[in-house]
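Hi everyone, thanks for making time this morning. I'd like to walk you through one chain, so please have a look at the screen.

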Amino acid sequence: MKQNIDFLIKTLNNLESLPIFCGKKWLFWLGSFLTVLAILSFLYIPYGNGDTVYYTMVGRGIFRDHMLPYSYAFDHKPWGVYLFYGAWDKICPFFHGDFFFLSLVLGAVTLYFCRFFGIFNIITASFIYVFFGNIFGILDGNTENVLTAGSAVVLAVLYNGLSNKRFVNYFIPGFMIPLLININYLVAVSLFLPVLFLLFSPRFFKLQYIFIFSIGCTLGLLTSFSPYLIEGNNALQSYFRMQHDFLQNYGGNTVSRISSVLCTIAYTAMFLPVL
């Protein structure tokens, strides 16, 4: 512990000497004080972001009224995000700072599982995560926190499976990915290349591992949409139709979308020699 604290103090001293502070320590400490106040403000406000307000409102409808998303309110986000935030709203007993604590929990999960890839100073990493993460708005508890924590868990478990050769280490990531995508679509983008590397690299490649991973993905996908399948009455079809109708008028035109797909294919092809 003493070594960790000493390392943190050394890090702070190095930050003081950065050119941005022009050699003036008072400027560094003033900025630090204001940053701490900004962080503590999340303990006072119930919501730090308008998105989490809406997620919680719809999530409360799921747990309180047993109504699936889009039954009484619409947003183009996947329904898992409302389930997740509704569950956290039920679990966390606080009104003020509710999602600040969610950010800290997800940050702790991220840092813990990142240690599977290499050893680093956990106290310093925690300090950087909270102190500088505040600048980028990660303390408001938005879905980007779920993305980073979920991605860290998936990659750590999958990477660990390469050494212990346990099938469960391939099934769990496969099962988790559809659930995470149903919270934040960007999980599919962020995990695409790392998962391809871990599954198809000649060093690790085995068809049986890919098969187990695929089974996990299939079951995760079915689990994700099981409430709509149980509901029946074309509930799943209505779910996708409303999203499709909204996204058709959201953002770029068809040419822009096709251009984005082609660019993604080109960038992926550039990584194939690495894979």
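This is a predicted model: local features need pLDDT of at least 70, side-chain atom pairs count only at pLDDT 80 or more; totals for chains, interfaces and linings use all residues.

Residues are numbered from 1 along each chain as its sequence is written, and side-chain values use heavy atoms, with hydrogens and water left out.

First, confidence. pLDDT is the predictor's confidence in each residue, from 0 to 100. The chain has a mean of 77, with 73% of its residues at 70 or more. Helix H1, residues 2–16, has the lowest confidence, with a mean of 52, while helix H8, residues 168–181, has the highest, at 91.

Now the overall make-up. There are twelve helices and zero strands; helices here are DSSP runs of H or I with at least four residues, strands are runs of E with at least two, and both are numbered from the N terminus. Of the 275 residues, 37% count as buried, meaning under 20% relative accessible area with a 1.4 Å probe, protein chains only; over 50% is exposed, and in between is partly exposed.

Let's turn to H7 and H8. How far apart are the axes of H7 and H8? They lie 8 Å apart, and helix H7, residues 143–164, packs against H8 at about 165°. Axes are lines fitted to C-alpha atoms, for helices over the stretch in contact, and angles run from 0 to 180 degrees between N-to-C directions. The two are therefore roughly antiparallel, a label for angles over 145; under 35 is roughly parallel, 65 to 115 roughly perpendicular and the rest oblique. Their contact (heavy atoms within 4.5 Å) includes Val153 and Leu158 of H7 and Ile172 and Met176 of H8. By class, it has twelve nonpolar, six polar and no charged residues. Nonpolar covers Ala, Val, Leu, Ile, Met, Phe, Trp, Tyr, Cys and Pro; charged is Asp, Glu, Lys and Arg; the others, Gly among them, are polar.

Next, helix H4, residues 79–91, and helix H5, residues 98–114: their axes come within 11 Å and cross at roughly 110°. That makes H4 roughly perpendicular to H5. Among the contact residues are Phe84 and Trp88 of H4 and Phe99 and Leu102 of H5.

Last stop: methionine 57, in helix H3, residues 50–65. Methionine 57 is partly exposed, at 49% relative accessible area.
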